Amino acid sequence: MRASVHSLVSSSATLSVRGGKPKPVITQNSPSRAMYTGERVTLSCGIGGDPAGWEYLWYKDPLRHTVPNTDSSRTDGSSFTISSAALAHSGEYRCRAARGRKPFYSDYSDPLTLEISVLAQTYPIVQSGWTEVFPDETVTLRCVIQGSSAEWKYKWYRDGRELPVDKADTSSVNGDTYTILSADQSHAGLYTCRGELTRRASVHSLIGSSATLTVRALPQAVVTLNEGWMGVFITKGTLAMRCELQGFTSADWNYTWYRDGTQISLNHTGERHTVGFWDSSSDGEYRCRGNRTDRPYYSLISEGFMPSHIIDRAVENVVRICVGVAVLLFLSIIVNPAFWRWVSRRKVVHSGEELVEQTDHT
(Lines give C-alpha, C1' and ligand atoms only; values in the text may rest on other atoms or scores of the structure.)
Protein backbone atom coordinates (compact mmCIF):
# COMPACT_ATOMS: atom_id res chain seq x y z
CA MET A 1 0.00 0.00 0.00
CA ARG A 2 1.16 3.45 -0.84
CA ALA A 3 -1.13 5.59 1.31
CA SER A 4 1.11 8.57 0.95
CA VAL A 5 0.39 8.92 -2.76
CA HIS A 6 -2.49 11.41 -3.52
CA SER A 7 -3.83 12.93 -6.70
CA LEU A 8 -3.60 16.62 -7.33
CA VAL A 9 -6.42 18.78 -5.99
CA SER A 10 -9.05 19.58 -8.60
CA SER A 11 -10.21 23.04 -9.43
CA SER A 12 -12.75 24.44 -7.06
CA ALA A 13 -16.47 24.79 -7.61
CA THR A 14 -18.66 27.10 -5.66
CA LEU A 15 -22.10 25.91 -4.66
CA SER A 16 -24.60 28.51 -3.64
CA VAL A 17 -27.64 27.56 -1.65
CA ARG A 18 -30.39 30.11 -1.84
CA GLY A 19 -33.07 30.55 0.65
CA GLY A 20 -35.98 29.91 -1.78
CA LYS A 21 -36.89 28.60 -5.21
CA PRO A 22 -35.98 30.73 -8.25
CA LYS A 23 -38.81 32.55 -9.92
CA PRO A 24 -38.78 32.97 -13.68
CA VAL A 25 -39.96 36.11 -15.46
CA ILE A 26 -42.37 35.96 -18.38
CA THR A 27 -42.21 38.61 -21.08
CA GLN A 28 -44.04 39.36 -24.31
CA ASN A 29 -41.84 39.98 -27.30
CA SER A 30 -44.65 41.69 -29.23
CA PRO A 31 -44.76 45.51 -29.08
CA SER A 32 -48.13 45.66 -27.39
CA ARG A 33 -50.08 43.61 -24.87
CA ALA A 34 -53.20 44.33 -26.96
CA MET A 35 -53.02 42.03 -29.96
CA TYR A 36 -55.38 41.37 -32.85
CA THR A 37 -56.64 38.17 -34.40
CA GLY A 38 -54.26 36.83 -36.99
CA GLU A 39 -51.13 38.32 -35.43
CA ARG A 40 -48.06 36.34 -34.40
CA VAL A 41 -47.35 36.48 -30.66
CA THR A 42 -44.25 35.23 -28.80
CA LEU A 43 -43.89 34.91 -25.02
CA SER A 44 -40.51 34.25 -23.37
CA CYS A 45 -39.68 32.72 -19.98
CA GLY A 46 -36.32 33.45 -18.34
CA ILE A 47 -34.77 32.45 -15.04
CA GLY A 48 -31.88 34.26 -13.41
CA GLY A 49 -28.47 32.76 -12.80
CA ASP A 50 -27.11 29.82 -14.77
CA PRO A 51 -29.78 28.92 -17.40
CA ALA A 52 -28.14 25.60 -18.26
CA GLY A 53 -30.21 22.48 -17.70
CA TRP A 54 -33.52 24.20 -17.25
CA GLU A 55 -36.61 23.14 -19.10
CA TYR A 56 -39.69 25.32 -19.24
CA LEU A 57 -43.32 24.56 -18.77
CA TRP A 58 -46.18 26.83 -19.86
CA TYR A 59 -49.60 27.29 -18.30
CA LYS A 60 -52.70 29.24 -19.20
CA ASP A 61 -55.37 30.72 -16.96
CA PRO A 62 -55.71 30.31 -13.18
CA LEU A 63 -56.25 26.55 -13.42
CA ARG A 64 -52.65 26.29 -14.62
CA HIS A 65 -53.45 23.95 -17.47
CA THR A 66 -50.32 23.05 -19.36
CA VAL A 67 -50.27 24.69 -22.78
CA PRO A 68 -50.15 21.94 -25.43
CA ASN A 69 -48.38 22.08 -28.75
CA THR A 70 -50.92 22.65 -31.52
CA ASP A 71 -51.01 23.84 -35.09
CA SER A 72 -51.58 27.43 -34.00
CA SER A 73 -49.25 27.54 -30.97
CA ARG A 74 -46.09 25.74 -29.94
CA THR A 75 -43.69 25.70 -26.99
CA ASP A 76 -40.02 25.67 -27.83
CA GLY A 77 -37.86 25.75 -24.74
CA SER A 78 -38.08 29.13 -23.13
CA SER A 79 -40.55 30.55 -25.68
CA PHE A 80 -44.21 30.07 -26.49
CA THR A 81 -45.33 31.15 -29.96
CA ILE A 82 -48.83 31.74 -31.31
CA SER A 83 -48.56 31.78 -35.08
CA SER A 84 -52.04 33.21 -35.71
CA ALA A 85 -53.78 34.67 -32.70
CA ALA A 86 -57.43 33.90 -32.07
CA LEU A 87 -59.85 35.09 -29.40
CA ALA A 88 -59.35 31.79 -27.56
CA HIS A 89 -55.69 32.70 -26.97
CA SER A 90 -56.70 35.54 -24.65
CA GLY A 91 -56.00 34.89 -20.98
CA GLU A 92 -53.36 34.74 -18.24
CA TYR A 93 -50.09 32.96 -18.98
CA ARG A 94 -47.48 31.65 -16.51
CA CYS A 95 -44.31 29.64 -16.84
CA ARG A 96 -41.94 27.74 -14.55
CA ALA A 97 -38.64 25.94 -14.97
CA ALA A 98 -37.58 22.40 -14.02
CA ARG A 99 -34.27 20.45 -14.08
CA GLY A 100 -32.69 17.27 -12.85
CA ARG A 101 -33.68 13.60 -13.10
CA LYS A 102 -35.97 14.04 -10.22
CA PRO A 103 -37.28 17.37 -11.40
CA PHE A 104 -36.71 20.36 -9.27
CA TYR A 105 -39.32 22.99 -10.06
CA SER A 106 -38.96 26.71 -9.81
CA ASP A 107 -41.77 28.90 -8.64
CA TYR A 108 -44.42 30.00 -11.11
CA SER A 109 -43.83 33.28 -12.81
CA ASP A 110 -46.14 36.20 -12.25
CA PRO A 111 -49.07 36.07 -14.71
CA LEU A 112 -48.97 37.87 -18.02
CA THR A 113 -52.36 38.78 -19.47
CA LEU A 114 -52.67 38.49 -23.22
CA GLU A 115 -55.55 40.37 -24.83
CA ILE A 116 -56.61 39.28 -28.30
CA SER A 117 -59.13 41.54 -30.01
CA VAL A 118 -61.05 41.18 -33.22
CA LEU A 119 -59.73 43.46 -35.94
CA ALA A 120 -61.67 46.69 -36.17
CA GLN A 121 -63.87 47.39 -39.17
CA THR A 122 -63.70 50.53 -41.25
CA TYR A 123 -66.40 52.26 -43.21
CA PRO A 124 -66.23 55.48 -45.23
CA ILE A 125 -68.72 58.29 -44.76
CA VAL A 126 -69.27 61.15 -47.18
CA GLN A 127 -68.94 64.23 -44.98
CA SER A 128 -70.40 66.52 -47.62
CA GLY A 129 -73.50 64.32 -47.55
CA TRP A 130 -73.68 63.79 -51.31
CA THR A 131 -73.11 60.48 -52.99
CA GLU A 132 -74.36 62.01 -56.24
CA VAL A 133 -72.02 64.83 -57.21
CA PHE A 134 -71.57 67.20 -60.13
CA PRO A 135 -68.41 68.22 -62.00
CA ASP A 136 -66.05 70.64 -60.20
CA GLU A 137 -67.65 70.03 -56.79
CA THR A 138 -65.50 69.31 -53.73
CA VAL A 139 -66.23 66.02 -51.96
CA THR A 140 -64.79 64.88 -48.63
CA LEU A 141 -64.87 61.29 -47.38
CA ARG A 142 -63.75 60.24 -43.90
CA CYS A 143 -62.69 56.76 -42.83
CA VAL A 144 -64.34 55.76 -39.56
CA ILE A 145 -62.73 52.89 -37.63
CA GLN A 146 -64.10 51.23 -34.53
CA GLY A 147 -62.08 52.21 -31.49
CA SER A 148 -59.81 54.37 -33.63
CA SER A 149 -56.74 56.00 -32.15
CA ALA A 150 -53.63 57.82 -33.25
CA GLU A 151 -51.98 54.44 -33.83
CA TRP A 152 -53.83 53.97 -37.10
CA LYS A 153 -52.92 55.28 -40.50
CA TYR A 154 -55.34 55.03 -43.40
CA LYS A 155 -55.35 53.91 -47.01
CA TRP A 156 -58.06 54.66 -49.55
CA TYR A 157 -59.22 52.62 -52.52
CA ARG A 158 -61.49 53.29 -55.50
CA ASP A 159 -62.77 50.16 -57.23
CA GLY A 160 -60.02 48.23 -55.42
CA ARG A 161 -57.17 50.52 -56.54
CA GLU A 162 -55.20 52.46 -53.94
CA LEU A 163 -55.55 56.26 -53.99
CA PRO A 164 -54.39 58.74 -55.02
CA VAL A 165 -53.94 57.23 -58.46
CA ASP A 166 -51.27 59.67 -59.61
CA LYS A 167 -49.99 63.18 -59.01
CA ALA A 168 -52.28 64.57 -61.70
CA ASP A 169 -55.34 63.37 -59.78
CA THR A 170 -57.20 66.31 -58.25
CA SER A 171 -57.53 64.65 -54.85
CA SER A 172 -55.56 64.28 -51.64
CA VAL A 173 -55.28 61.88 -48.70
CA ASN A 174 -54.72 63.40 -45.27
CA GLY A 175 -54.97 60.97 -42.37
CA ASP A 176 -58.45 59.52 -42.26
CA THR A 177 -59.76 62.00 -44.85
CA TYR A 178 -59.86 61.70 -48.63
CA THR A 179 -60.74 64.91 -50.47
CA ILE A 180 -61.75 65.29 -54.11
CA LEU A 181 -60.91 68.90 -54.92
CA SER A 182 -62.69 69.09 -58.27
CA ALA A 183 -64.91 66.16 -59.19
CA ASP A 184 -65.07 64.70 -62.68
CA GLN A 185 -66.18 61.40 -64.19
CA SER A 186 -62.92 59.70 -63.18
CA HIS A 187 -63.91 60.04 -59.51
CA ALA A 188 -67.04 57.91 -59.88
CA GLY A 189 -66.78 54.47 -58.30
CA LEU A 190 -66.82 52.31 -55.18
CA TYR A 191 -64.77 53.73 -52.30
CA THR A 192 -63.35 51.72 -49.40
CA CYS A 193 -60.75 52.48 -46.76
CA ARG A 194 -58.50 50.44 -44.47
CA GLY A 195 -56.58 51.15 -41.30
CA GLU A 196 -53.01 50.05 -40.72
CA LEU A 197 -51.22 50.20 -37.38
CA THR A 198 -48.31 52.61 -37.61
CA ARG A 199 -45.94 50.37 -35.59
CA ARG A 200 -47.25 47.05 -36.88
CA ALA A 201 -47.70 47.30 -40.63
CA SER A 202 -48.89 43.71 -40.77
CA VAL A 203 -52.05 44.58 -38.85
CA HIS A 204 -54.86 45.82 -41.08
CA SER A 205 -58.41 46.61 -40.18
CA LEU A 206 -61.29 44.82 -41.83
CA ILE A 207 -63.21 46.58 -44.61
CA GLY A 208 -66.70 46.83 -43.24
CA SER A 209 -68.61 48.78 -45.89
CA SER A 210 -68.19 51.01 -48.91
CA ALA A 211 -69.49 54.26 -50.39
CA THR A 212 -70.46 54.69 -54.03
CA LEU A 213 -69.98 58.06 -55.71
CA THR A 214 -71.88 58.91 -58.88
CA VAL A 215 -70.79 61.91 -60.95
CA ARG A 216 -73.68 63.42 -62.91
CA ALA A 217 -73.22 65.77 -65.84
CA LEU A 218 -74.32 69.37 -65.39
CA PRO A 219 -77.57 70.28 -67.14
CA GLN A 220 -77.10 71.65 -70.64
CA ALA A 221 -78.58 75.06 -71.44
CA VAL A 222 -80.07 75.55 -74.93
CA VAL A 223 -81.19 78.82 -76.53
CA THR A 224 -84.31 78.47 -78.64
CA LEU A 225 -86.73 80.86 -80.32
CA ASN A 226 -89.54 81.47 -77.88
CA GLU A 227 -92.11 81.57 -80.69
CA GLY A 228 -92.20 80.47 -84.29
CA TRP A 229 -90.46 82.51 -86.93
CA MET A 230 -93.79 84.09 -87.82
CA GLY A 231 -93.71 85.59 -84.35
CA VAL A 232 -90.87 87.80 -85.52
CA PHE A 233 -93.40 89.76 -87.53
CA ILE A 234 -96.41 89.31 -85.29
CA THR A 235 -94.59 90.80 -82.27
CA LYS A 236 -94.02 94.09 -84.09
CA GLY A 237 -90.31 93.87 -84.75
CA THR A 238 -89.02 91.95 -81.73
CA LEU A 239 -87.46 88.53 -81.41
CA ALA A 240 -87.83 86.60 -78.14
CA MET A 241 -85.26 83.94 -77.18
CA ARG A 242 -85.74 81.36 -74.45
CA CYS A 243 -83.15 79.54 -72.32
CA GLU A 244 -84.08 75.90 -71.67
CA LEU A 245 -82.37 73.40 -69.35
CA GLN A 246 -82.51 69.84 -70.59
CA GLY A 247 -83.97 67.48 -68.00
CA PHE A 248 -84.79 70.20 -65.45
CA THR A 249 -87.83 72.34 -64.75
CA SER A 250 -87.33 76.08 -64.94
CA ALA A 251 -89.23 76.92 -61.75
CA ASP A 252 -86.25 77.42 -59.42
CA TRP A 253 -83.67 78.66 -61.94
CA ASN A 254 -82.39 82.13 -62.73
CA TYR A 255 -80.64 82.87 -65.99
CA THR A 256 -77.63 84.80 -67.18
CA TRP A 257 -77.40 85.95 -70.79
CA TYR A 258 -74.25 86.64 -72.82
CA ARG A 259 -73.69 88.39 -76.14
CA ASP A 260 -70.41 87.69 -77.92
CA GLY A 261 -68.95 86.28 -74.70
CA THR A 262 -69.85 89.28 -72.52
CA GLN A 263 -72.54 89.11 -69.84
CA ILE A 264 -75.57 91.26 -70.60
CA SER A 265 -76.72 93.49 -67.78
CA LEU A 266 -80.44 92.89 -67.44
CA ASN A 267 -83.06 94.02 -64.97
CA HIS A 268 -84.52 90.52 -64.91
CA THR A 269 -83.27 86.96 -64.47
CA GLY A 270 -85.98 85.22 -66.45
CA GLU A 271 -85.61 82.55 -69.06
CA ARG A 272 -86.68 84.89 -71.87
CA HIS A 273 -84.63 87.61 -73.54
CA THR A 274 -85.99 89.88 -76.26
CA VAL A 275 -84.03 91.83 -78.86
CA GLY A 276 -85.15 94.37 -81.48
CA PHE A 277 -85.92 93.01 -84.91
CA TRP A 278 -84.11 95.75 -86.85
CA ASP A 279 -81.84 96.95 -84.02
CA SER A 280 -78.25 96.55 -85.26
CA SER A 281 -76.92 96.85 -81.72
CA SER A 282 -78.62 93.52 -80.96
CA ASP A 283 -76.57 91.68 -83.56
CA GLY A 284 -74.23 89.02 -82.19
CA GLU A 285 -74.02 85.52 -80.80
CA TYR A 286 -76.18 84.86 -77.74
CA ARG A 287 -75.60 82.27 -75.03
CA CYS A 288 -77.24 81.58 -71.69
CA ARG A 289 -76.62 79.73 -68.44
CA GLY A 290 -78.89 78.65 -65.59
CA ASN A 291 -78.12 79.46 -61.94
CA ARG A 292 -79.80 78.54 -58.67
CA THR A 293 -79.20 78.22 -54.92
CA ASP A 294 -79.52 74.41 -54.85
CA ARG A 295 -77.25 71.75 -56.35
CA PRO A 296 -76.34 71.83 -59.15
CA TYR A 297 -75.68 75.53 -58.68
CA TYR A 298 -75.29 76.25 -62.39
CA SER A 299 -75.67 74.66 -65.79
CA LEU A 300 -73.35 74.40 -68.74
CA ILE A 301 -73.33 77.45 -71.02
CA SER A 302 -75.40 76.95 -74.14
CA GLU A 303 -74.14 76.82 -77.69
CA GLY A 304 -74.16 80.11 -79.58
CA PHE A 305 -77.44 81.40 -81.04
CA MET A 306 -77.49 84.01 -83.84
CA PRO A 307 -80.78 85.98 -84.04
CA SER A 308 -79.73 87.43 -87.41
CA HIS A 309 -79.78 83.94 -88.87
CA ILE A 310 -83.30 83.45 -87.59
CA ILE A 311 -84.40 86.77 -89.06
CA ASP A 312 -82.81 85.97 -92.41
CA ARG A 313 -84.48 82.59 -92.34
CA ALA A 314 -87.81 84.20 -91.45
CA VAL A 315 -87.56 86.64 -94.35
CA GLU A 316 -86.56 83.79 -96.64
CA ASN A 317 -89.53 81.75 -95.47
CA VAL A 318 -91.89 84.69 -95.97
CA VAL A 319 -90.60 85.15 -99.51
CA ARG A 320 -91.03 81.47 -100.15
CA ILE A 321 -94.59 81.59 -98.85
CA CYS A 322 -95.44 84.62 -100.98
CA VAL A 323 -94.04 82.93 -104.06
CA GLY A 324 -95.92 79.79 -103.15
CA VAL A 325 -99.15 81.67 -102.68
CA ALA A 326 -98.70 83.37 -106.05
CA VAL A 327 -98.07 80.07 -107.74
CA LEU A 328 -101.08 78.47 -106.08
CA LEU A 329 -103.23 81.43 -107.06
CA PHE A 330 -102.04 81.19 -110.62
CA LEU A 331 -102.70 77.47 -110.77
CA SER A 332 -106.12 77.85 -109.19
CA ILE A 333 -107.02 80.39 -111.84
CA ILE A 334 -105.81 78.18 -114.65
CA VAL A 335 -107.73 75.14 -113.55
CA ASN A 336 -110.95 77.09 -112.79
CA PRO A 337 -113.72 76.31 -115.41
CA ALA A 338 -115.14 79.81 -115.13
CA PHE A 339 -111.80 81.14 -116.25
CA TRP A 340 -111.90 79.07 -119.40
CA ARG A 341 -115.52 80.07 -120.14
CA TRP A 342 -114.48 83.68 -119.83
CA VAL A 343 -111.59 83.03 -122.21
CA SER A 344 -113.98 81.38 -124.68
CA ARG A 345 -116.38 84.32 -124.58
CA ARG A 346 -113.48 86.66 -125.13
CA LYS A 347 -112.52 84.65 -128.22
CA VAL A 348 -116.10 84.76 -129.63
CA VAL A 349 -116.36 88.47 -129.09
CA HIS A 350 -112.95 88.98 -130.61
CA SER A 351 -113.94 86.89 -133.68
CA GLY A 352 -117.16 88.88 -134.14
CA GLU A 353 -115.32 92.13 -134.06
CA GLU A 354 -112.92 90.88 -136.72
CA LEU A 355 -115.87 89.77 -138.95
CA VAL A 356 -117.59 93.18 -138.66
CA GLU A 357 -114.38 94.88 -139.51
CA GLN A 358 -113.89 92.75 -142.64
CA THR A 359 -117.53 93.47 -143.85
CA ASP A 360 -117.06 97.17 -143.51
CA HIS A 361 -113.94 97.04 -145.65
CA THR A 362 -115.74 95.30 -148.49
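Visitor: Is C143 buried or exposed?
Guide: In this predicted model, C143 has 2% relative accessibility, so C143 counts as buried. The cut-off for buried is under 20% relative accessible area.

Visitor: And C193, buried or exposed?
Guide: C193 is at 1% relative accessibility, so C193 counts as buried.

Visitor: What do C143 and C193 form?
Guide: C143 and C193 form a disulfide, with the sulfur atoms 2.1 Å apart. C143 lies in strand β13 (residues 139–145) and C193 in strand β18 (residues 189–197), so the link ties together parts that are 50 residues apart in sequence.

Visitor: Why is the disulfide of C143 and C193 right-handed?
Guide: The torsion about the S-S bond of C143 and C193 is about 80°, so the disulfide is right-handed.

Visitor: How many disulfides does the structure hold?
Guide: The structure holds three disulfides. One of them joins C45 to C95, with an S to S distance of 2.0 Å. That pair links distant parts of the chain: C45 is in strand β3 (residues 41–46), C95 is in strand β8 (residues 91–99), and the two are 50 residues apart.

Visitor: Left-handed or right-handed, the link of C45 and C95?
Guide: Right-handed, with 80° about the S-S bond of C45 and C95. Both C45 and C95 are buried.

Visitor: Which cysteine does a disulfide join to C243?
Guide: C288 is joined to C243, S to S 2.0 Å. C243 sits in strand β22 (residues 238–245) and C288 in strand β26 (residues 286–291), distant parts of the chain 45 residues apart. The torsion about the S-S bond of C243 and C288 is about 80°, so this disulfide is right-handed. C243 is buried, and C288 is buried too.

Visitor: What pattern do the disulfides follow?
Guide: Counting bonded cysteines along the chain, the pattern is 1-2, 3-4, 5-6.

Visitor: Change of topic. In what sense do β22 and β25 pair?
Guide: β22 and β25 pair in the antiparallel sense, over five bridges. β22 is the strand that holds C243.

Visitor: What is the bridge partner of L239 in β25?
Guide: V275 is the partner of L239.

Visitor: Which way do the side chains along β25 point?
Guide: The side chains of strand β25 (residues 272–276) alternate. H273 and V275 point to one face and are buried.

How values were computed: Residues numbered from 1 in each chain as written. Predicted model: local features only at pLDDT ≥ 70, side-chain atom pairs only at ≥ 80, totals over all residues. Heavy atoms only, no water. Disulfide = S-S within 2.5 Å. Helix = DSSP H or I, 4+ residues; strand = E, 2+ residues; numbered from the N terminus. Buried < 20%, exposed > 50% of the residue type's maximum accessible area, 1.4 Å probe, protein only. Pairing = 2+ DSSP bridges.
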